[in-house]
Amino acid sequence: MIILSIETSCDDTCVTIFEAKGGTKNPQFNILANNSNSQIKTHIPYGGVYPALAKREHIKNLPIVFEKTLKESKVTKVDVIAVTSGPGLEPCLWAGIVFAEELAKKWSVPVVPVNHMEGHVLSVFGKAEGKFKISKTKFPVLSLLVSGGHTQLVLMKDWGKYKIIGETVDDAVGEAFDKVARMLGLPYPGGPHISKLAEKERKNKKSTFKFPRPMLKSKDFNFSFSGLKTSILYFLKDQKNVSKSAVALEFENAAIECLVYKTKKAIEKYKVKTLFVGGGVAANRHLKAEMRKLKIKTLFPTPALSTDNSIMIGMVGYLNYLKNPKKKYKIRANGSLRLGKVIK
Ligand code: KG4
Ligand code: ZN
């Protein structure tokens, strides 16, 4: 079966065409073509994604990215179209949905909606190119989803059975990386810049200051990053001569410790067998090193699949389609679409 997948939930316009086989038991994907267009340069002056501008860029770029992908894939038509329907920026989601539905009408093929967060969960199985296979995963699985918009701990008893057991009560961890980077005068998105500075500093010396770990000892599995950000703001007002690298290191240590500590607690409570980490912050090297210390089978996405992409959307789209091949979806953009039940 040939699948075309589209992702436009934030500031990347992504299109993938691939062959899928193996059914829900042993899904296998062979990517024929995969392209994306990042809008980061457009949004740099705003220090974050500007929704109306992002929508316009998606509408402009979708036909270009699509034509390129179709040409490279050497297929003339696909069997199913998968498109992100939420969560994300609604104007941007609509751009993808409208494009998908127009194509579907032209080709008379079904369109399947995909939850972007479910994409991040499955992203650990993808490779940017070539063939890959979903391994024999042992349940329960715990998925830590860490991006610019989300910070969630999702428990999975089986494929497609999700429960949100914890999440941020304010800022997402990626957002905190971006905001602290901005305070330090680093470009957007700030995560990679902070982590580069922190990595260098980690080798140098011991720091003389520490930032708070909000909610570390709370009994739930929730996170909070806005207090950490504010304490850094005041620290920087007070300490004019502190090095950027030292602040980057101490911020990274605090943020990652919160993620790792709550993840460890959830693994113990729910007797988790496999850990997945997904989302842009999954590319952080310190997070990877600390998670490896938990001595549990942990899967991370490749760097290309940790940020937003349409490969992960197509993988979920294939499984959603197989569950209900005859279903005709009425797709609507839902900016705050949830992944399963919330239990806290
Ligand atoms: O998943 P993603 O590409 O987009 C969203 O859905 O939000 O995540 C982007 C976020 C940004 O906040 C970015 O600063 C952060 O991921 N990020 C990182 C790293 N690489 C990207 N944060 C920490 N360390 C990194 N190496
Ligand atoms: Zn994302």
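Helices (H or I, at least four residues) and strands (E, at least two) are DSSP runs, numbered from the N terminus. The structure is a predicted model, in which local features need pLDDT of at least 70 and side-chain atom pairs count only at pLDDT 80 or more, whereas totals for chains, interfaces and linings use all residues. Residues are numbered from 1 along each chain as its sequence is written, chains are lettered from A and ligands numbered from 1 in the order in which they are written, and side-chain values use heavy atoms, with hydrogens and water left out.

Most residues other than glycine have a negative phi, and most peptide bonds are trans. Serine 108, although not a glycine, has a positive phi of about 55 degrees. This serine 108 lies in the loop between H3 and strand S5 (111-115) and is exposed, with a relative accessible area of 65% (buried means under 20% relative accessible area, exposed over 50%, partly exposed in between; 1.4 Å probe, protein chains only). Methionine 215 likewise has a positive phi, near 65 degrees, and is located in the loop between H6 and H7; at 26% relative accessibility, methionine 215 counts as partly exposed.

Ligand 1 is surrounded by 21 residues, the closest being Gly148, Asp178, Gly191, Gly280 and Asn284 (a residue is near a molecule if one of its heavy atoms lies within 4 Å of it). This shell divides into five nonpolar, 14 polar and two charged residues, where Ala, Val, Leu, Ile, Met, Phe, Trp, Tyr, Cys and Pro count as nonpolar, Asp, Glu, Lys and Arg as charged, and the others, Gly among them, as polar. An N or O atom in the side chain of asparagine 284 is 3.0 Å from a nitrogen atom of ligand 1, and a side-chain N or O atom of aspartate 308 is 3.3 Å from an oxygen atom of ligand 1. Taken alone, ligand 1 exposes 560 Å², of which the protein buries 87% (accessible areas come from the Shrake-Rupley method with a 1.4 Å probe). Helix H4 (116-122), helix H5 (173-183) and helix H6 (191-204) are the elements that give two or more residues to the shell.

The zinc ion (ligand 2) is coordinated by His116 (NE2), His120 (NE2) and Asp308 (OD), at 2.1 to 2.2 Å; donors are N, O and S atoms within 2.8 Å of the metal (3.2 Å for Na, K and Ca), and water is not among the atoms, so sites may look incomplete. Along the chain, the donors of the zinc ion follow the spacing H-x3-H-x187-D. Histidine 120 lies in helix H4 and aspartate 308 in the loop between helix H10 (303-306) and helix H11 (311-323), so the pair ties together parts that are 188 residues apart in sequence. Histidine 120 is buried, with a relative accessible area of 2%, and aspartate 308 is also buried, at 18%.

Cysteine 92, located in helix H3 (residues 90-107), is buried, with a relative accessible area of 0%.

How values were computed:
Polar contact = N/O pair within 3.5 Å; in protein donor to acceptor, adjacent residues only side chain to side chain.
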